Amino acid sequence: MNLFKLKSSSAARTLGMILMGMAAIVMFSGFWSGKTLDQQRSERLQSSNETLQLLYKHAPEAKEMIANSYGYATFSNVGVNLVLLSAEGGIGMAHENKTGKNTYMNMASGGVGFGLGVKDFRAVFLFENKAVFDRFVNEGWEANAQADAAAKLADKGDAINLAITVEPGIRLYKLTQNGLALQATIQGTKYWKDGELNK
């Protein structure tokens, strides 16, 4: 039996639990605040509108792209870096253009890296058709290494190129308050439907 492998496995489990705990604290802050489900839904809608306005400010051409897509999803997430650990927890909403239906969603990710502080990121996903939209919303989605690599290789020309393809039929804008994030690292981030808010 390899003792090193056992220690590594145990350390990985411990690290994973710490990161998920950090993400949960950020993600469920609305739940602990005592806000009603309707208040939380209203806040998600407001956050989505603010994210879209921020996107249109830095990439005006994106407005037409979103209007022509099957649907879109916006996420507001707070990244927390604490020495060697980092975690992101966030809230979001997916919108189907044809029906006008909104689906409330969550996101979380964790990793290892240096730093101390909090980073505010916004993400806007565009969906080409019903199949990819429904799969993202109903089954959830996790960004893999290929999606991350695609982001880093994206052209830095106009708004169309800044919406990086993370999977066939799904494009992504990632923003900060200062503008578009040209290197949108998303590997290891999970997105899923909020069980409470969609009742």
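How many residues does helix α3 have, and how far does helix α3 reach from its first C-alpha to its last? Helix α3 covers residues 37-58, has 22 residues and reaches 32 Å. That is close to the 32 Å expected at 1.5 Å a residue, where the expected span is 1.5 Å times one less than the number of residues.

## Basis of the model

This is a predicted model, in which local features need pLDDT of at least 70 and side-chain atom pairs count only at pLDDT 80 or more, while totals for chains, interfaces and linings use all residues. Residues are numbered from 1 along each chain as its sequence is written, and side-chain values use heavy atoms, with hydrogens and water left out.

## Overall make-up

The protein has 7 helices and 9 strands. Both are DSSP runs numbered from the N terminus: helices are H or I with at least four residues, strands are E with at least two. Of the 199 residues, 43% are buried. Buried means under 20% relative accessible area, exposed over 50%, and partly exposed in between (1.4 Å probe, protein chains only).

The accessible surface comes to about 10,900 Å², computed by the Shrake-Rupley method with a 1.4 Å probe. Carbon and sulfur atoms hold 57% of that surface. Among contacts (heavy atoms within 4.5 Å) with a separation of 6 or more, 71% join residues 24 or more positions apart.

## Confidence

pLDDT is the predictor's confidence in each residue, from 0 to 100. Its mean over the protein is 76, and 61% of residues reach 70 or more. Helix α5 (residues 130-139) has the highest confidence, at a mean of 97. Helix α2 (residues 29-32) has the lowest, at 49.

Residues 1-7 stay under 50, and the model gives them 1 contact beyond four places in sequence. Residues 114-118 are also below 50, yet this stretch has 13 contacts beyond near neighbours in sequence. Where pLDDT is low, predicted coordinates should not be read in detail.

## Local sites

Helix α3 has buried residues along its length, including Gln40, Arg41, Arg44, Leu52 and Tyr56.

Asn106 lies in strand β3 (residues 102-112). Why does Asn106 count as buried? Because its relative accessible area is 4%. The side chain of Asn106 makes a polar contact of 3.2 Å with that of Asp194. Such a contact is a pair of N or O atoms within 3.5 Å; within protein, one must be able to donate a hydrogen and the other to accept it, and residues adjacent in sequence count only if both atoms are side-chain atoms.

Gly100 sits in the loop between β2 (85-96) and β3. Gly100 is partly exposed, because its relative accessible area is 36%. Its C-alpha lies 9.0 Å from that of Gly71, 29 residues apart along the chain.
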